[in-house]
Amino acid sequence: MTFSYYPGCTLKAKGKDLETYAVKSAEVLGVTMEELEDWQCCGAVYPMAKNEIATKLSSVRALVAARDKGQDLLTLCSACHHVIKRVNNDMANDQNVQLKANNYMALDVPYTGETTVIHYLEMLRDRVGFDNLKKAVVNPLKDMKIAAYYGCLLLRPSKAMSFDDPENPTIMEDFIKAIGATPVVYPYRNECCGGYVAMENNEYATQKCNTICTSATEMGADAIITACPLCMYNLDANTTENNLPVYYFTQLLARALGVEEDAQ
Amino acid sequence: MSHNKETLREIVIETAGVNPRKCMKCGKCSATCPAYDEMEYHPHQFVSMVEAGKIEELMNSKSIWMCLSCFACVERCPRGVEPASFIEAARLALIRQQGKNHLKAEDVPAKLNDKLPGQAIVSAFRKYSK
Amino acid sequence: MQRIGVFVCWCGSNIAGTVDVHKVAEALKSEPGVVIATQYQYMCSEAGQTLIKDAIRDHKLTGIVVCSCSPRMHEATFRKTAAAAGLNPYMVEIANIREQCSWIHKDMEVGTEKAIILGRAAIAKVHLNAPLVAGESPVVKRALVIGGGIAGIQTALDIADAGFPVDIVETKPTIGGKMAQIDKTFPTLDCAACILTPKMVDAAQHDKINIYAYSEVAEVKGFVGNFSVKIKQKARMVDPVKCTGCGLCVEKCPMKKVPNEFNLGMDKRSAIYIPFAQAVPKVATIDPTACLKMKTGKCGLCATVCEAGAIDYTQQDSFIEEKYGAIVVATGYNPINLDQFDEFAYNQSPDVVTSLEFERLTNAAGPTAGTLLRPSDGKHPHTLVFVQCVGSRCDGAEKGKSYCSKICCMYTAKHAMLCREKYPDTEVYVFYIDVRTPGKNFDEFYRRAVEEYGVKYIKGMVGKVAPQADGSLLVQASDLIEGEQLKIKADMVVLAAAIEPDQSARPLATMLTASMDTNDFFTEAHPKLRPVESPTAGVFLSGCCQGPKDIPETVSQASGAAAKVIGLLVKDSLTCNPCVAHSDELMCNGCSACEKVCPYGAITYQDKEFRMPDRTTAIRRVASVNPAVCQGCGACTVACPSGAMDLNGFSNSQIMAEVDAICK
Amino acid sequence: MQVEKKEFKPTIVAFCCNWCSYAGADLSGTNRLNYPANVKIIRVPCSCRVNPMFVLRAFQRGADGVIICGCHPGDCHYTTGNYYARRRMTLLFSMLDFLGIERDRTRLEWVSAAEGAKFAKTMNEFVEAVTKLGENKRLEDLRCKKQ
Amino acid sequence: MQEAMMRRAKELLADGTVNRVLGWQKGEFAYDHTPAVFDSADQLEQFVYDDFTAANLSKYLVKETKQEGKILAFLKPCDTYSLNQLTKEHRVNRDKVYVVGIGCEGKADVEKIKALGIDGILGIKAEGDNFVVETLYGNQTVAKTDVLAERCVVCKSRKLMTYDEILGEDGEVINSNRFDMVEKLENMTADERFAFWQNELSRCIRCNACRNVCPACTCEKCVFDNVNSGIANTAAADSFEEKMFHVIRAFHVAGRCTDCGECSRVCPQGIPLHLLNRKFIKDINELYGEYQAGEDTDSKGPLTNFTYDDCEPSIVHERGVE
């Protein structure tokens, strides 16, 4: 199984761990992640305005590159996944965006949203299969009670993301079960961590994260996992009550597959 | 550059790409909004104010910097109205003007810390500046 | 050549004021075929009609043209006049020289000229008229009611009381429908069972009513007055004649872990079951998906204990064929599935319930014997939050229903009020977008909930329900009046889920060729004037299958539908409108274009053998119109490229003759 | 030789459905609302009964304008007839336009039984528009090329 | 190709799959191949197929499928659209046809060849982008683009819509510019359009060839031949039919016409009749959504269908040029 892989800026810097564990684990699972050449930053937020084209072009470039390689485009960071997936929807459905982007980029073959954008978690669920993942686990994390933190970007808007039930998702819980741990369901797993507003207003993020971590703690969790470097930052650095250890889901994946050490 | 009230309203509606008249004023967006308490105008008011043409007020409100773009209002709106799209459109109507950037490059170093991921800086820039 | 008489009416001065009636009569006298043209002050009067009758006899007229007021006014009168004189009533044409001539033109010359042209057009048409005989089709004096809820029961009782036999087909093992699950009814707070169950018994004991419970309509053929219906009786594995409903089998059945659908899965029943104590028919049914004997072959306890020997594990589905003159659809509704609205945590907490579930939780025959207890821990709830419009009024969000479900405002007021009445220690919130209470004593009822019972109505919506570690539900909502975002710690949340037509409705509509709207509600023949009839003749609508309704409205419609059915069944035969389409088989291509545009399903096809001009025979597919079903709109005549399809009374050649006369 | 120019009075054929528009026409009479006498109404059960052949026939026989009136969409006595009529007439009118026939010679209007005033107004407008166009020559001439 | 088709036809006759073969045989000239039914291997020696073979055979199946036994029909992509439409309208019993779909790269228009001054035509062969025309005076090579039939130049599809087997290569649906001419007319003024059509239609001699060849015109009795229809051409006194024939014909096939182009191909006066049909197709596509008659055998045609929010006829005023 080979995918075109879009890492995104943060995964090459502060969010490096998210990637290293992912790549290592993928190897174990027989998945090859071919990093796109010359990818550009996706912009981290999806430009909602109907009249924004330029800010969508870096995503289109990545999508075209994957199409030209005949591969599905694998993402890892929630924000990149959100942006690229939604731009891809626009390229498939919004004639205005489609026309302008194609005109601007002057491609040999116009791009109309042919590429499948798939998140690492979706790849585990739909391509590898959680059952197969379970079989590959050598070090089941039996004693861990893990709260999955989805955040906003993977789930919403569900019409565009079609990732999971936006209000009652199960993919990360199923993942947690597959690596041998116990999932803890709590109501704030899909509520915002404070996002980029933390730049200006740390307290605001703190308030959000405290609610999240308190809820997870009360429900009996002893760790939180996430797929987003910004969520990681807020949950880790901006939480003041009921702090829980926060992991990238890929780190625990690597741990369960017995390659955590190798990745370092 | 300034537009008259009606033009501004049209620009915002066009930028948002959603129809404020679809709103049935149920208030579910405001019920759902995690930033509600930080806002002066709340998501449902964004919709009715856009419809009423009160764009200047929205542009001058701190609410536009408080929206987290978490899409909870978009997801849960029973009418497909997308209040977040109006908030974004009002914000753009402001920062697309000369010198109206909310976040300036020179302010950034002070906000950095060793854990802050690049994603936060890029996101904030995209949301707050043009 | 026709012998045509022309009769020009003065209508006092109404026509004669601006139309020179003498000149009109004179001019029309010279039209081909016209043997007499005359005028009279009031053609519709006794004397005027006598004049026409005499002329028909004296001049051996084969067709008449009356130049008078609108045919909408007196066409029927003059047709009767013609018939009385022995002329086929469809040999009468009216030239409308009052509403469409004398009343709109002031100039005598202009009016007269136009009246002459209109007269000519009518003469041209009558030349091509053919005597039409209204066909008759016999009426089978038996009605079928599909659905045994309150709508179906009421319709059946009314029809049966008028003396006509009625069959009720109900898919569930018992009749009663949703009303049987409801605790109390608004705005009077009568106990639903107290008013429903006597009706169920009446239906069961009525000598004109026959109930096919646990049955489905499998096939419908025929048309108004003469439907032929195949009914599938699903195998109960219990002989309904022998079963006494003693319930011993239910008691002894070892498989007691089946979710009880009557209580919406909130408790368990056994594999052999009687849905509820007042079930009609009170006969046990074996659930083959749960029964150990059916699944493993081992058990058979019920057969052992049944003294009546009613248990029969070998029973098969059986089919009954019956003829009916009329069919009433009363398939009812269901609350929608709430999977797409899990911000309300319906799938995440047992303490988030639908309103129908709440009915069961407050019903004495329900899973908690009528004491309001939280499903999760059986504790008494103190704070309850009701959320209205869950899945209703959604448009543009690709989920839910675009319509208002109509009944939720009132039942929510009822629930909230009863809650406060029975448990004064509770705090009850209702989140609403609008409170809609059009109905007798409805708004008063809602106000009572607020004013007397202290139910806290909050204008706003719930955005999220978060189940907490301590078992409570944190309800995050907006209060639009106060301009606040509220966080209420509740013990239970009750969702007023939108209602939708039962899933059996669509396939049934196909079988009946009855039309439906995009929401799968049956369409009425006319939204204002024929609200209990389907556009398909002989098919009537009762209850929520036509649109959301409360009980009083459902019962009114049920009785309305019954009255329409009775009106049909008292006739021995139906006189058909003879102005219907007919297909010239020699020209028909069998292409189905006409069938596709017919709103009544009046056109069918058959392969027929024809002698060809070259003396060979050929099998051809040709259309035929059922004159009892056709309403004469003519859509088919234009869809037909070969011109094989034509319309009696408005034929292609007749209309073109009128065109020619006008444009001459 | 100088011929005195006579005022042109177009011949107009109006097809009206029995249930709405014909009743609307009656109502405009009942209310004494004027419209030109050149309009002659042909009663049909439903607008869907109007065959494009009838329209063409009228033109061929010398009509200068043809108008079809039916129940408003959603109000058809036969529930769906006017929807078919709408498609058929749209295509027919478009074709006549394509052949170079003046657009204002054809019209379809929804007139309910209560809209007597609308009926009169529609007819007045239509007659005015057709009068402006003058005699209908083109359909007559379509196959006869002037030398 | 011809050999392969003949061989296959013989095989299918021999193994009893079919008892007749619908194909083409030589007409008076080398380029006018006429449809023919063959019922033996011997007869099949007369079978022809080359780049002049243009006739759409589907219409013949209306009659042929009423006969005993199954018939083999060689159908080009165009023809398969017609067959599907006829199947949908129950005019053809599809079960009684064995369709051998044949790939098509476009047919030559003999008039265009003649216009290049080529005479004494004996045959034709495609070679790459050219046709080699055999003549009494030797071979002549002409560019395909110069002599392709008009309908092939704007071919909408080379994909076979229905078949039991394929000889040659199946093609693809083409995003063609077939509406260009219609659009050009739409953009003319009404006067120009009128002049255009008057010029074209005045040449009509009412030979009925267009109707007789049209695979959508399969009425048991055409309204124009039916004395009771009120519009039949009974006497010269009634010029109605003369004037309106083409409009009514186009309307009768609207939503059913597959745009096979046979009407224009057979018109002895060279009237571009297909433009009338294509105008309806274009209108239908634009107003009611893309619809291609003959693409399937069960969808509802646009004129036997509607939506609640269809446009009003006044849209004619809003579009195009006055």
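These legends describe close-up views of a predicted model.

**View 1. Chain A as a whole.**
Chain A holds 12 helices and eight strands. Its radius of gyration is 18 Å, close to the 18 Å that the globule rule gives for 264 residues, so chain A is as compact as a globular protein of that length. The C-alpha trace spans about 55 × 40 × 30 Å along the principal axes of chain A. Of the 264 residues in chain A, 55% are buried. Now take the contacts in chain A with a separation of 6 or more: residues 24 or more positions apart account for 76% of them.

**View 2. Where chain D meets chain C.**
Here 35 residues of chain D are in contact with 36 residues of chain C. On the chain D side, four elements each supply at least two residues: α1 (21–30), β2 (39–44), α2 (52–60) and α3 (81–98). Helix α1(D) gives the most, with six residues. By type, this side of chain D divides into 17 nonpolar, 10 polar and eight charged residues.

**View 3. Where chain C meets chain E.**
This contact takes 19 residues from chain C and 16 residues from chain E. On the chain C side, α17 (593–597), β33 (617–625) and α19 (652–663) each supply at least two residues. The chain C residues that touch chain E divide into 10 nonpolar, seven polar and two charged.

Strand β32(C) covers residues 603–611. Nine bridges join β32(C) to β33(C), and the two strands run antiparallel. One bridge pairs Lys608(C) with Arg620(C) in β33(C). Five residues lie between the strands of this hairpin. In the turn, Arg615(C) has a positive phi of about 70 degrees.

**View 4. The nonpolar cores.**
In soluble globular proteins, nonpolar side chains tend to be buried together. The largest nonpolar core in this model has 464 residues. Ile64(C) and Val493(C) touch the most other members. Helix α3(D) gives the most to this core, with 10 residues. A second, separate core has 42 residues, including Val18(E), Leu57(E), Leu86(E) and Val92(E).

**View 5. Around Val493(C).**
Which residues does Val493(C) touch, not counting those up to four places away in sequence? They are Phe344(C), Asp351(C), Val352(C), Val385(C), Val387(C), Val465(C), Leu473(C) and Val475(C). Val493(C) itself belongs to the largest nonpolar core.

How values were computed: Residues numbered from 1 in each chain as written. Chains lettered and ligands numbered in written order. Predicted model: local features only at pLDDT ≥ 70, side-chain atom pairs only at ≥ 80, totals over all residues. Contact = placed C-beta atoms within 7 Å. Nonpolar A, V, L, I, M, F, W, Y, C, P; charged D, E, K, R; others polar. Core = buried A, V, L, I, M, F, W, Y, C linked by C-beta atoms within 7 Å. Buried ≥ 20, exposed ≤ 12 C-beta atoms within 10 Å, placed from the backbone. Pairing = 2+ DSSP bridges. Rg over C-alpha atoms; globule rule 2.2 N^0.38 Å.
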